[in-house]
Each structure stands twice: as C-alpha cells, then as structure tokens.
Amino acid sequence: MSPKAANPIKSTKTTFRIIEALKELDGAGVTELAEHLELPKSNVHNYLSTLEEEEYVVKEGTTFHVGIRFLELGAYARSRRDLYDIARPEMDKIAEKEGELVNLLVEEHGRGTYVYRVAGDDAVEVDAHVGTRVYLHCTALGKAILAHMPEERVEKIIDQHGLPKITENTITDREALYDRLERVREQGVAFDREERLEGLCCAAAPIRSDSGRVLGAISISGPTTRVQGERLEEEIPSLLEQATNVIELNITYS
C-alpha cells in the first residue's frame with residue numbers, strides 16, 4: 001500500500017495531475033486542461049512548458065500529449081521484475097495454442113497493472129493494453145492475486161480503493177468478495193464472468209514464489225461465445241496450472 005507523504009510537495013502532485021489529465025483527455029490545449037483541473041491558465045502553461053522542455057510531453061499545434069519518453073520509464077520498471085521475462089515464453093505458447101488473449105498482471109499500490117499481453121490469432125480487441133491499471137476485485141487476475149495475500153492487506157486495499165461497480169456482474173459486497181476469494185484458494189483458479197467487461201470471460205491462476213508470496217497472475221480471456229462451459233471451467237484452468245508450474249519452477253531456480 002502507498003504510504004501518505006508526511007510533507008507532500010504540492011507542485012509535484014500538480015505535475016502528475018496534469019500528466020494524468022492529458023492521458024484521460026487524450027491530449028488537450030492549455031485552456032481545456034486548465035478548466036478540467038480548475039487551475040489558472042498561466043500555471044498550467046508553465047507546467048506544460050517545463051514538461052515539454054524535459055521531453056515528457058509533446059506539442060502538436062496547440063494540443064499537448066503525453067510523450068513517448070514515459071515508455072522508457074515503463075519499460076525499465078517492467079524489466080526490474082524477473083516475472084515478466086520468465087512468464088512471457090509460456091504465455092506465448094498458450095496464445096498460439098488457444099488463439100485467445102493471454103495476460104500477465106501484477107499488483108502495485110493496491111491496483112493491478114498489465115505488464116504483458118499476447119494475442120492469439122482469434123483474440124478479441126479489448127479496452128486495455130500493457131500499462132493499463134485496473135481494480136483487482138473485478139478481474140480474474142486480480143482475484144487470483146487477492147486470494148493469496150494476507151487478509152489485512154486485502155482489507156487495506158478495499159478500504160483504499162473500494163469495490164466500484166464496473167458491470168452488472170461486478171462483486172461490490174465485501175463479504176461476497178471474501179467468499180469468492182476463499183473459493184479461489186480452494187480451486188486454485190479465479191474466474192471473471194463479465195465482471196470487468198461485458199461479453200468477456202476469463203480464468204486466471206496466481207504465480208507464487210517458493211515462500212508462497214504472490215508475484216502476479218496470468219489469465220486466458222475471450223468472448224463468452226467461446227470461453228464458457230467445459231472450456232472455461234476445465235480446459236483453460238488446466239493450461240494455466242501447467243504454465244504457472246513451469247513459471248514458478250523457473251523463478252525458483254533462475
């Protein structure tokens with residue numbers, strides 16, 4: 001969980017508010033950004049000019065966008081995790097075999113972040129990409145991770161982020177989530193039945209260290225027309241179990 005800064009720097013927080021807003025708005029001019037953030041135009045202009053000078057934003061006409069330099073930072077952060085390099089070959093094999101979308105998620109600051117995704121030949125396009133952050137309670141990946149965290153950590157995550165309703169199928173009750181996590185521990189696999197995205201089903205399995213600490217989770221997802229019944233309940237979990245066994249062994253002995 002992210003600790004509260006004893007003496008937060010207001011200008012630093014404003015900088016990140018501006019960057020996040022540029023992402024949310026898919027680019028914006030000074031006036032639009034100032035109105036969106038309820039900040040003086042002159043202040044926003046100064047922040048944007050500084051960020052442009054440091055090459056973290058780019059300007060196209062009168063519109064500012066998040067710069068690709070952030071990709072370097074993201075790639076570095078991802079490369080620090082051995083899990084990414086070790087899981088990728090197994091995920092590629094599954095995607096080729098199953099033709100669906102295979103995902104790797106890790107938890108940081110109580111949210112899940114996709115660090116690798118590979119699409120098979122029949123995979124559907126979805127609204128997330130590498131780097132997308134999601135709530136843990138509404139994804140199979142997130143539930144696979146939560147199920148193997150200490151209970152007090154799960155409680156802190158829920159206290160911080162809540163259980164927002166994403167679709168009609170999202171679990172929004174704390175006790176119902178705890179029951180589901182218990183089932184995940186018993187079955188070794190978590191399911192998402194249109195809980196984050198309507199029309200999409202998913203099964204996920206946790207990846208743990210030899211000490212039992214959860215490192216992340218991998219999943220296979222696809223449209224409800226294909227990922228359902230025996231395929232969702234038995235075939236995909238079996239594939240995930242085989243893959244996570246290999247990944248965990250390689251992590252232990254790498």
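The structure is a predicted model, so local features need pLDDT of at least 70, side-chain atom pairs count only at pLDDT 80 or more, and totals for chains, interfaces and linings use all residues. Residues are numbered from 1 along each chain as its sequence is written, and side-chain values use heavy atoms, with hydrogens and water left out.

Residues 9–68 are 62% helix and 13% strand, with 25 Å between the end C-alpha atoms. For residues 69–253 the figures are 46% helix and 23% strand, and the end C-alpha atoms sit 34 Å apart. Helices (H or I, at least four residues) and strands (E, at least two) are DSSP runs, numbered from the N terminus.

Helix H1 (residues 10–25) packs against two other helices. Its axis comes within 11 Å of that of helix H2 (residues 30–37), and the two cross at roughly 110°. Axes here are lines fitted to C-alpha atoms, for helices over the stretch in contact, with angles running from 0 to 180 degrees between N-to-C directions. H1 and H2 are therefore roughly perpendicular, a label for angles of 65 to 115 degrees (under 35 is roughly parallel, over 145 roughly antiparallel, the rest oblique). On the H1 side, the contact (heavy atoms within 4.5 Å) involves Arg17, Ile18, Ala21, Leu22, Glu24 and Leu25, which meet Glu32, Leu33, His36 and Leu37 of H2. By class, that makes six nonpolar, one polar and three charged residues. Ala, Val, Leu, Ile, Met, Phe, Trp, Tyr, Cys and Pro count as nonpolar, Asp, Glu, Lys and Arg as charged, and the others, Gly among them, as polar.

With helix H3 (residues 41–53), H1 again has its axis within 11 Å, this time crossing at roughly 80°, so H1 is roughly perpendicular to H3 as well. Ser11, Thr14, Thr15, Ile18, Ile19 and Leu22 of H1 touch Tyr47, Leu48 and Leu51 of H3. This contact has six nonpolar and three polar residues, and no charged ones.

Next come the spaces. On a 1 Å grid over the protein atoms alone, a cavity is a set of points where a 1.4 Å probe fits but cannot get out, while a pocket is an open set with protein on both sides within 12 Å along at least five of seven lines; lining residues have an atom within 4 Å of a point. Points are joined across faces, edges and corners, and a volume is the space filled by probe spheres set on them.

Two cavities reach 30 Å³ or more. The largest holds about 90 Å³ and has 14 lining residues, with Tyr114, Arg196, Leu200, Cys202 and Ser221 nearest its centre. Seven of the lining residues are nonpolar, four polar and three charged. The second largest cavity, at about 60 Å³, has a lining of seven nonpolar, four polar and no charged residues. Helix H7 (residues 151–161) contributes the most to that lining, with three residues.

The second largest pocket holds about 340 Å³. Of its 16 lining residues, Arg81, Arg213, Val214, Leu215 and Gly216 are closest to the centre. Helix H5 (82–98) and strand S8 (214–223) each give two or more residues to the lining, which divides into eight nonpolar, three polar and five charged residues.
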